[in-house]
Amino acid sequence: MSEVDAQPPKENPLTNILVNVLIPVIALSKLSKDAALEADPRLWHVGPIWALVIALALPLGYGIWFLFKHRKLNFFSVVGLASVLLTGGLTLFLWNKDGSVNPSAPFSLD
């Protein structure tokens, strides 16, 4: 078999979805609590900004690894980055440090 006929190794779709979508969502939800505001702070309560950085690092790192290995963009990494940026960015914009909704938010809860 020649080098032209050789197929590149297939990537595991479960790993792709876990690293690019599921784990960043879990990181945003579990790590984003601010330890200074919690009655019983945990080690993993790093605050919303650091939770966003950690959640962005996963699809970004996997996407860069995939780009170097396969010489093309990973669709799920792009979707994961966009998802984390939108949800984390909106959260940082809309909520105050005490957990209340920012009064300048374009919607109200009334």
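1. Buried means under 20% relative accessible area, exposed means over 50%, and partly exposed is in between (1.4 Å probe, protein chains only). I26 sits in helix 1.

2. A word on the source: this is a predicted model, where local features need pLDDT of at least 70, side-chain atom pairs count only at pLDDT 80 or more, and totals for chains, interfaces and linings use all residues. Residues are numbered from 1 along each chain as its sequence is written, and side-chain values use heavy atoms, with hydrogens and water left out.

3. On the overall layout, the chain has three helices and zero strands (DSSP runs numbered from the N terminus: helices are H or I, at least four residues; strands are E, at least two). Of its 110 residues, 23% are buried.

4. Now the aromatics: there are two aromatic pairs (rings of Phe, Tyr and Trp, the last by its six-membered ring, with centres within 6.5 Å; planes under 30 degrees apart are stacked, over 60 edge-to-face, the rest tilted). Y62 and W65 make a tilted pair, because their ring centres are 5.4 Å apart and their planes stand at 45°. Both belong to helix 2 (residues 48-70), three residues apart, about one turn of the helix. Y62 is buried at 12% relative accessibility, whereas W65 is partly exposed at 42%.

5. F75 and F76 form an edge-to-face pair, 5.8 Å centre to centre with 70° between the planes. F75 is exposed, with a relative accessible area of 61%, while F76 is partly exposed at 32%.
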